[in-house]
Amino acid sequence: MSFFNDIGDSFYKSFIYDDRYLYFLEGIKNTLIIAFFAVLIGIFLGMIISLIKDYNKEKNKLKILAKICDFYVYVIRGTPVLLQLMILYYVVFKTVDIPIVLVGVLTFGLNSAAYVSEIIRSGILSIGNGQKEAAKTLGLSYFQTMRYVIFPQVLQNMLPALGNEFITLLKDTSVAGYIGIVELLKASDIVSSRTYDYFFPLIVSALIYLFFTFLLVRFMRMLERKLNHVRS
Amino acid sequence: MYEVKKLVKKFDKVKVLKEIDLDIKEGEKIVIIGPSGSGKSTLLRCLGRLESPTSGKIYFDNKDITKIHNTHEIGMVFQSFNLFENLTVLENITLAPIKTKLLSKQEAIKKAREYLKQIKLEDKENNYPADLSGGQKQRVAIIRALMTNPKVILFDEPTSALDREMIEEVLNLMEDVAKEGITMIVVTHELNFASNFATKIIFMDEGKILESGSPKELFNNPKTERLKEFLKG
């Protein structure tokens, strides 16, 4: 009986006593806020970066901007995201009064943009030049070609890779606890440091991560099916 | 219509076109023949503004078009069809005229349906390119090129990717298009087709035009050894 008593006691200490479940709710909230807005920034900025690079390749214009984009992607991919987070928090925004969660959103958004831009770039490459050339001889402009012909196909081709990136991003937000953001893992850490009992906080946050990544996987599958349906 | 002067095209250090001079008059049906690697496709792609020449000039209706830019006046049909995979047959044909404001949506659809009827694919307008055979794809690509009212259509080996039985349907459509008086420049290996179709044949080898003239002149009285060899093979 004492085994079940222990478990019950441990559960009580971790979640009920002192309303400790509130830490977890706060953690879930911040994790989702960071992941969600970072994905939006990542897609938006990633699209711009890949467009600049492709436009440069195609028309031999915007050379300096394209070089900057190359450098940006190189630096972001070449350094750990934790380091980027610390630079943004301890250096860039050192003297600025800015909500700490926003620093998380920016870091992970700027980080994800580099990866998303590479995903889009490989998507554009996978389509090949033929359709672009056909569009050109029909009098369509570069942006019309991208908008109506290339991007719809890129989106479809890159969905699996993009889903992968979102899952990685969601989990990577756990790093944000390092600068004091109470995201999910930080929340469980706070609680277990009070109770000296790691079992429930860690297992429960693992289950919560799994639940959200599960939803994400289902959502991406649904999108894939929807887009495939259009073609056949 | 076309005036080509001392056209040179290099890829890295390889000279693919060596000072080509060429005049093409409106309404002509030109067929360019020659062994692979002779530069005929590159010449066509320069005429279609898909490659920018290393040196030399290309004039189209007295305009210098040497620098690449988009116009709907020069249509092109490709060996690999290059239909837009994400769009239906009807959307493939109407996209450019609508987006470039050449036609209203209604006009474009009406015109597209007339063409589709002409090539007997009217029941395929809502199908995607993946559903079509090679020959059907190429015929759709040809009417797509016609939709923007080009003054000239360039054909880059339009039947080379097709099975025997589909080549005929594409060549027949090209003959129908020719009857409308539009200028056509065709790179092909179909010599029988060339001799019936062409008003002028150009024989290229190693980046140069070696001979040009009527099909009769070239096929019955080849002057150069290279052409004699080519016709034998």
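**Notebook: chains A and B**

I began with strand pairing in chain B: β6(B) and strand β7 (residues 152-156) run parallel and share four bridges. The model is a predicted one. I looked up one bridge by name. Ile74(B) has Val152(B) as its partner in β7(B).

Next I checked the faces of β6(B), residues 74-77. Both are covered. Ile74(B) and Met76(B) lie on one side, Gly75(B) and Val77(B) on the other, and all are buried. I noted the background rule: side chains in a regular strand alternate between the two faces of the sheet.

**Helix α2 of chain B**

Is α2(B) enclosed or open? I counted eight buried residues out of 11 in this helix, residues 89-99, so the rest of the structure largely encloses it. The buried set is Val89(B), Leu90(B), Asn92(B), Ile93(B), Thr94(B), Leu95(B), Ala96(B) and Pro97(B). Then I asked what the buried residues of α2(B) pack against. I found α3 (105-118) and α4 (134-147) of chain B, together with α7 of chain A. After the helix comes Lys101(B), and I read a positive phi there, near 60 degrees.

**Asn127(B)**

I located Asn127(B) in the loop between α3 and α4 of chain B. Its relative accessible area is 23%. The cut-off for buried is under 20%, so I logged Asn127(B) as partly exposed. I set aside neighbours within four places in sequence and found contacts with Thr88(B) and Val89(B). Val89(B) is also one of the buried residues of α2(B). I took one C-alpha distance as well: Leu87(B) is 40 residues away from Asn127(B) in sequence, but 8.6 Å away in space. The side chains of Asn127(B) and Asp131(B) make a polar contact of 3.3 Å.

**The A/B interface**

I turned to the two chains together. I counted 18 residues of chain A in contact with 26 of chain B.

How many salt bridges link chain A and chain B? I found one. It joins Arg45(B) to Glu133(A), with 2.6 Å between the closest N and O atoms.

Which helices of chain A supply at least two residues each to the side touching chain B? I listed α6 (130-137), α7 (142-172) and α9 (199-231). The largest share, seven residues, comes from α6(A). By class, I recorded eight nonpolar, seven polar and three charged residues on that side of chain A.

Conventions
Residues are numbered from 1 along each chain as its sequence is written. Chains are lettered from A and ligands numbered from 1 in the order in which they are written. This is a predicted model: local features need pLDDT of at least 70, side-chain atom pairs count only at pLDDT 80 or more; totals for chains, interfaces and linings use all residues. Side-chain values use heavy atoms; hydrogens and water are left out. Buried means under 20% relative accessible area, exposed over 50%, partly exposed in between (1.4 Å probe, protein chains only). Two strands pair if DSSP finds at least two bridges between them. Contact means heavy atoms within 4.5 Å. A salt bridge is a side-chain nitrogen of Lys or Arg within 4 Å of a carboxyl oxygen of Asp or Glu. Ala, Val, Leu, Ile, Met, Phe, Trp, Tyr, Cys and Pro count as nonpolar, Asp, Glu, Lys and Arg as charged, and the others, Gly among them, as polar. A polar contact is a pair of N or O atoms within 3.5 Å; within protein, one must be able to donate a hydrogen and the other to accept it, and residues adjacent in sequence count only if both atoms are side-chain atoms.
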